[in-house]
Amino acid sequence: MEFPRPLAAPLALLPIPIVEGAVKLMFSSLMKRHPKLFDRLGEHRAKRYAFRPTDLPLVFLVEPARPAITLMRRQANPPADALVEGSLFRLLTLLEGRSDADALFFARSLTVTGDMEAMLALRNALDGSEIDLPRDLGAAAGPFAPLFSRAAAAIRRRALAGENAAWN
Amino acid sequence: MELICPAGTPAAFREAADAGADAVYCGFRDETNARNFPGLNFSREELGEAIAYARRRDTKTFVALNTFMRAGHEELWYQAAADAVRVGADALILADFGLMAHVAETYPEQRLHVSVQASVSNPDAVNFLVEAFGAKRVVLPRTLTIADIARLARQVRCEIEVFAFGGLCVMAEGRCSLSSYATGKSPNMNGVCSPPSHVRYREDGGDLVSELGAYTINRFPREEAAGYPTLCKGRFDIADARGYAFEDPASLDVMGEIDALREAGVCALKIEGRQRGKAYVGEVVATLRKALDARPEDRPALLARLRLLSEGQRTTCGAYEKRWR
């Protein structure tokens, strides 16, 4: 499932700080719910990880040591030790451990470059956590929590239905 | 037959137990473990919690200490055995005869399984380990046909476990030096086959190129399914031909032969894949559980969906139906 183009295109025009503010809020909410998220990284905690969705004009840079997330315009060589590229929803299903990274790699739906040891450590750290984005991010949505969680869960169901169809 | 399922993290462990595993196998986060990859595996505390979780579901926990001890550093393996026994492992899966002797002498009540890494494949070798160390089960290397397994089962005095699904090793388990040759590290001694520190992927004109140390392992055109960056699955130029010198990037699947394996005397089917994610573990364990309980004619439809999760998106019966003697 691809991120809708009519929604992706305006992101190229919006000032980065506006989108980044929302992303930082979500990241902070995730870290509060999963404070041990990066414990499994060990020595790779000091590395920088870039996530480049193929269907967005953006790159997300995660620095577990701080921990922090930075948003930047899509670029060929983001300043990271390791880079993973795939559609946004695929990357999110990986974040939740609901898709198997190896299977996506075999299917060429995912590209990984750079420091493989660091990337493998991050993959395993995420897989070992029990992130549930609708639940975890919903908690930060205040009075809109039920609405947000329901909408996010519906999007996830649709994205995962696409994944399962691909497996069949 | 028992279904023995892999777990690289506590989350994958719970997936396996919930999906119907009879036993889950896992290991510590160090070089006592042949799947010693970064971010993977269990601390002592996590293993204790996992065992408690498994017991509530009547699931057993096997702990793999399946590398070979380094001379002068045996204490790392001895301590791992002591900790696994202390937190209540139902069995230890061992490859090193020295470690087997230590466990048999120090913890005579502890159930001991012979790892596939021990590469034990004939009745004399199996019975020696049964008599010398009290081994209760042997995990056979993936080098035997079903007829070979049946002949062996009639002559050995312990249970037999075989790999039924997942990654397929080159046929020298426990003795493979391909990774050592390219990187100086091996699954046998360091717990890493193709250590990720030596793996690189790069895009080249739409092709995906995988490299291990100084060696190019493979080049996958855009539409071709990819495989792991291991030398045994490498595609090389040999004389005038380009091809897979050792084996194709394909995964093992002998679930279509469940009844033949049962008749051959196999008591447990093992799923490879401690390095895989919890989504894979949950999907594969649930599907194979259903396949084990299903009628033979219903199994192919159940198993077909697993093919796309496999390396190279292809599966093979490997040596189980070997026809190239």
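User: Where in chain B does B:Cys176 lie?

Analyst: This is a predicted model, so local features need pLDDT of at least 70, side-chain atom pairs count only at pLDDT 80 or more, and totals for chains, interfaces and linings use all residues. Residues are numbered from 1 along each chain as its sequence is written, chains are lettered from A in the order in which they are written, and side-chain values use heavy atoms, with hydrogens and water left out. Helices (H or I, at least four residues) and strands (E, at least two) are DSSP runs, numbered from the N terminus. B:Cys176 sits in the loop between strand E7 (159-166) and helix H7 (178-183) of chain B.

User: Is B:Cys176 buried or exposed?

Analyst: Buried means under 20% relative accessible area, exposed over 50%, and partly exposed in between (1.4 Å probe, protein chains only). B:Cys176 has a relative accessible area of 17%, so B:Cys176 is buried.

User: Which residues are in contact with B:Cys193, leaving aside its neighbours within four places in sequence?

Analyst: B:Cys193 lies in the loop between H7 and strand E8 (199-204) of chain B. B:Cys193 is partly exposed, at 24% relative accessible area. Contact means heavy atoms within 4.5 Å. With those neighbours left out, the partners are B:Phe37, B:Ser179, B:Pro187 and B:Thr230.

User: At which residues does UniProt place the feature "binding site"?

Analyst: The record is an unreviewed entry. UniProt positions follow the numbering used here, feature names are shortened, and annotations may be inferred rather than shown by experiment. The entry lists B:Cys169, B:Cys176, B:Cys193 and B:Cys232. They span 64 residues in sequence, yet no two of their C-alpha atoms are more than 10.2 Å apart, so they gather at one spot.

User: How much area do chain A and chain B bury between them?

Analyst: Buried area is the accessible area (1.4 Å probe) that two parts lose on being put together, summed over both. The contact takes 34 residues from chain A and 43 residues from chain B. Carbon and sulfur atoms carry 53% of the buried area, and the total is about 2900 Å².

User: How many salt bridges does the rule find across the interface of chain A and chain B?

Analyst: A salt bridge needs a side-chain nitrogen of Lys or Arg within 4 Å of a carboxyl oxygen of Asp or Glu. B:Arg276 and A:Asp100 meet in a salt bridge, at 2.6 Å, N to O. Across the interface, the count is four.
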